[in-house]
Each structure stands twice: as C-alpha cells, then as structure tokens.
Amino acid sequence: MTKNKGAISNFIEKYYLHFNAAALVDAAKGYEEQLNKGAKMLVSLAGAMSTAELGKIFAEMIRQDKVQIISCTGANLEEDIMNLVAHSHYKRVPNYRDLTPQQEWDLLEKGLNRVTDTCIPEEEAFRRLQKHIFKIWKDADDKGERYLPHEFMYKMLLSGVLEEYYEIDLKDSWMYAAAEKNLPIICPGWEDSTMGNIFASYVLKGELKASTMKSGIEYMTFLADWYTDNSENGIGFFQIGGGIAGDFPICVVPMLYQDMERTDTPFWSYFCQISDSTTSYGSYSGAVPNEKITWGKLDIDTPKFIIESDATIVAPLIFAYLLDY
C-alpha cells in the first residue's frame, strides 16, 4: 500500500497486477511522476466523456492543478454544460442495443438525441444554450471582436446567465472549473459539434460573420506558443480515446521542430492513451506509441503507456489515484 493514498488507490495497487489493469496502474504512477518533477500535463477528451459525466472527477483534477491544458472535441466542450443545465431531462436507455428503427425515430420526435445509453434533450440542452450563446456571439460580432470557441463558452458560464438552470452540483462541471481558472483549451474541429452547426446556421442567415469565431489554425498557433513557453520541465500527453482531440495537439511538436526548424523543441515527456481502437486497420487512434517516434512526437525514452479498455472505467480510476482517493 502507498502511504497517503486512499482506499481506491490502494485497491488498484493490490489487485490490478497484470495486462490492462497493470498498465492502468503504471500509467497513473507515470503521470504522478511527471507532476512531481514539475512537468505539465495535457489531457485530451474524445468520445462522449462529458455525457459520461467525467466532470464529477475531472473537475477536481482541474481544481487541484493535475492538468494544465485540455484538448477536446466540440461535443465534449458543450455537453458538460448541457449536463449542468438539463440533467433531469436526460433519459437513460439501458436496452439501447434492442431498439428498432421505429423506436429510434420515436426518440427523435420526442427531442431526445441518443448517445449510446443516454439521450440528450434537445429543447432543454441544445436550445437552452443556443439562446444565451447567440447573444454572446452577436455582441462580439457587433463589436468586431473575435474569440476562440471555448472563450465564448467561458464568457457564458462566468456571466451567470445559466445559473437559474443548474441541475447538478456546480463542482461536478469540469467546464466551470476550467472557466474559473481560465485554463487553456484546444478545441480542434469545433465546427463538428451542435454549437458549431448552430453558429454556421447564423452565418448562412447573414446574422453572424464566420470570422467572429477564431479558427483551428489559430488554436494551433496558440498551442505552439503555449508549448514553447511551458516545456522547460516537460509536458506530458494523456489521451482519452482517439480522434482529432488527440491527433491535432500532439502534432505541435513535429510542427515546431520540423516546420519551424526549432530543433531545441523537446518531445512530449510522457504519453498515455486509453483506447479500444484496433491497430491493424490502419487506425491512427489505435497506433501503438512507438509509431509516434517515427513522426517526431515522442522520444525513444519517453515513458509510453497504452491501456486497451473502456475509458469510462479507466479514466476515473487513474484520476482517483492522482487525487489520492
């Protein structure tokens, strides 16, 4: 048993001894070692981790400075806030595997958009946010101001306009915890999200200018400057799932090293991915960490971990270990 660790941490150290279970413990210890030596950590969120309510523990990771920058999909950016304001209207469908096309259609007609076993209520979630975020977009548009997608979300959260709708404990919202710290967020491909689609609809209607929303290129240039300014003691990469949330930010290192010819740029100092993707299909998300050496992202000696399992099970356990639970 590890001194100063709680029951969950001691449990996994005692019983998680082999295969993916052992990789989980090794990755958690490696993450902790990074923080102890003064390195910073990027956490990337793919999939539907916000709808899986990862915020219940991830928000505390943010508050305790266990993560210094986040990369996430547009869905994760907005769905944490949707859960904050519409939680009681969500519908769980544990028998989702048995649904017929007609039953799926019935959910659509009720305004329930399904994510595996959980349905997000359109009126109380999407439209509730739309009403308030549009005012913030429009205000910036009228003033000729431009912001990144997450900065608009931060403005909305910190303005207090959503307080009347809160349906969960505010401490369980990772976006609110991030907004309070003004934590850097990278949200590549934000256009591929409900709010991104809604923003595009206003552009089509001539009510907003596309340029009011800063672009993915501006996210990459921001990340390049942030990485350069914060890599003195190393920056680790903790990837939940695959996709653009991971692929986009990890490329900042070879971009700086090769394209900017800043050959003193350090590689990522730690890498861990929780994934169930299959390597043999040519999957970027399923690629073993050593492949990233050939792309100039990781060094030969970078601590590398891959946990082939369900992120909704694995991530809370690793975070619990880091929080001494």
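I started at a strand pair: Leu42 stands opposite Ile69 in E2. I am working from a predicted model, where local features need pLDDT of at least 70, side-chain atom pairs count only at pLDDT 80 or more, and totals for chains, interfaces and linings use all residues. Residues are numbered from 1 along each chain as its sequence is written, and side-chain values use heavy atoms, with hydrogens and water left out.

**Entry 1. The parallel sheet**

Strand E1 (residues 40-45) runs parallel to E2, and the two pair over 4 bridges. Strands (E, at least two residues) and helices (H or I, at least four) are DSSP runs, numbered from the N terminus. Two strands pair if DSSP finds at least two bridges between them. E2 also pairs with strand E6 (residues 185-186), in the parallel sense, over 2 bridges. There Ile70 stands opposite Ile185.

I then traced the whole sheet. It is open, has 6 strands in the order E6-E2-E1-E7-E8-E9, and its pairing is parallel. E6 and strand E9 (304-307) are the edge strands, each pairing on one side only. E9 pairs with strand E8 (residues 270-274) in the parallel sense over 4 bridges. Ile274 has Ile307 of E9 as its bridge partner. H14 packs on this sheet and touches strand E7 (235-240), E8 and E9. Contact here means heavy atoms within 4.5 Å. The direction of H14 makes about 145 degrees with that of E7. Axes are lines fitted to C-alpha atoms, for helices over the stretch in contact, and angles run from 0 to 180 degrees between N-to-C directions.

I checked burial in strand E2 (residues 69-72). Both faces are covered. Ile69 and Ser71 are buried on one side, Ile70 and Cys72 on the other. Buried means under 20% relative accessible area, exposed over 50%, and partly exposed in between (1.4 Å probe, protein chains only).

**Entry 2. Helix H3**

I followed the chain from E1 to E2. E1, H3 and E2 make a right-handed β-α-β unit. The hand is right if, with the strands pointing away from the viewer, the path from the first strand over the helix to the second runs clockwise.

Just after H3, I found Asp65 with a positive phi of about 60 degrees.

I took the H14 contact separately. H3 (residues 55-63) and H14 (residues 311-322) pack at about 35 degrees, with axes 10 Å apart. Ile57, Phe58 and Met61 of H3 meet Pro316, Phe319, Ala320 and Leu322 of H14. By class, I have 7 nonpolar residues there, no polar and no charged ones. Ala, Val, Leu, Ile, Met, Phe, Trp, Tyr, Cys and Pro count as nonpolar, Asp, Glu, Lys and Arg as charged, and the others, Gly among them, as polar.

**Entry 3. Ala46**

Ala46 is in the loop between E1 and H3. Is Ala46 buried or exposed? Ala46 counts as buried because its relative accessibility is 8%. Leaving aside neighbours within four places in sequence, I found Ala46 in contact with Thr73, Asn76, Ile240, Gly241, Gly242 and Ala245. Ala46 and Asn76 are 30 residues apart in sequence and 7.2 Å apart in space, C-alpha to C-alpha.

**Entry 4. The antiparallel sheet**

I moved to the open sheet of 3 strands. Its order is E3-E5-E4, with antiparallel pairing. Strand E3 (91-92) and strand E4 (112-115) are the edges, each pairing on one side only. E4 and strand E5 (residues 118-121) pair over 4 bridges, antiparallel. Thr118 in E5 is the bridge partner of Val115. Helix H5 (residues 101-109) lies across E3, E4 and E5, running at about 125 degrees to E4.

I found His132 in helix H6 (residues 122-143). His132 counts as buried because its relative accessibility is 10%. Not counting residues up to four places away in sequence, His132 touches Met156, Val161, Leu162 and Tyr165.

In helix H12 (residues 252-259), I noted Val252, Val253, Pro254 and Leu256 as buried. Their cover includes helix H10 (216-230) and helix H11 (244-250). Glu261 follows H12 and has a positive phi, near 60 degrees.
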